[in-house]
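Student: I'd like to go through this model with you and test each label against its definition. Let's look at it before we start.

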Amino acid sequence: MNKEIVSKIIKRQYTIMMNEEKAMKRLLSVDISNMPENRLDGLFGMIEQHLGIISHAQNKIILLQEVAEQYE
């Protein structure tokens with residue numbers, strides 16, 4: 001198995017995770033004290049989307065590492 005390809009894909013997934021985390025942190029810093037309920041729902045949905053993308057990228061890394069280990 002080509003370790004360079006595996007390494008580049010993992011690096012790409014980490015970059016995705018970092019970018020999503022930055023975007024999510026911006027949303028988590030929003031002042032919600034006077035926010036209407038429908039806007040809160042939208043905010044929560046956006047945060048959950050970022051969490052889903054981060055989780056998906058983590059799963060890809062783990063799966064790729066397991067597959068790569070099988071072929072060593």
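Student: Which residues does glutamine 13 touch, not counting residues up to four places away in sequence?

Tutor: Glutamine 13 touches Ala57, Lys60 and Ile61. A contact here means heavy atoms within 4.5 Å. Before going on: this is a predicted model, where local features need pLDDT of at least 70 and side-chain atom pairs count only at pLDDT 80 or more, while totals for chains, interfaces and linings use all residues. Residues are numbered from 1 along each chain as its sequence is written, and side-chain values use heavy atoms, with hydrogens and water left out.

Student: Why is glutamine 13 called buried?

Tutor: Buried means under 20% relative accessible area, exposed means over 50%, and partly exposed is in between (1.4 Å probe, protein chains only). Glutamine 13 has 8% relative accessibility, so it counts as buried. Its place is in helix α1, residues 3-28.

Student: What caps the N-terminal end of α1?

Tutor: Asparagine 2 does, with a side-chain oxygen 2.9 Å from the backbone nitrogen of glutamate 4. A polar contact is a pair of N or O atoms within 3.5 Å; within protein, one must be able to donate a hydrogen and the other to accept it, and residues adjacent in sequence count only if both atoms are side-chain atoms.

Student: Why is the pair glutamate 21 and lysine 25 called a salt bridge?

Tutor: The term asks for a side-chain nitrogen of Lys or Arg within 4 Å of a carboxyl oxygen of Asp or Glu. The side chains of glutamate 21 and lysine 25 meet at 3.1 Å, N to O. The structure holds one salt bridge. These two are four residues apart in α1, which means a separation of about one helical turn. An α-helix has 3.6 residues a turn, so residues three or four places apart point the same way. Glutamate 21 itself has a relative accessible area of 35%, so it is partly exposed.

Student: Which residues have the most contacts inside the largest nonpolar core?

Tutor: Val6, Ile10, Met17, Leu43 and Ile47, in a core of 14 residues. α1 and α2 (37-70) are the elements that give two or more residues to it, and α2 supplies the largest share, eight residues. Such a core is a set of buried Ala, Val, Leu, Ile, Met, Phe, Trp, Tyr and Cys residues joined through side-chain atoms within 4.5 Å. Leaving aside neighbours within four places, isoleucine 47 is in contact with Met24, Leu27 and Leu28.

Student: What do the buried residues of α1 pack against?

Tutor: They pack against α2, and what covers the buried residues of α2 includes α1. The buried set of α1 includes Glu20, Ala23 and Met24.

Student: What makes histidine 50 buried, and which residues does it touch?

Tutor: Its relative accessible area is 16%, so histidine 50 falls in the buried class. Not counting residues up to four places away, histidine 50 touches Glu20, Ala23, Met24 and Leu27.

Student: Why is glutamate 69 called exposed?

Tutor: Its relative accessible area is 55%, so glutamate 69 is over the cut-off. Its C-alpha is separated by 9.3 Å from that of methionine 1, 68 residues away along the chain.
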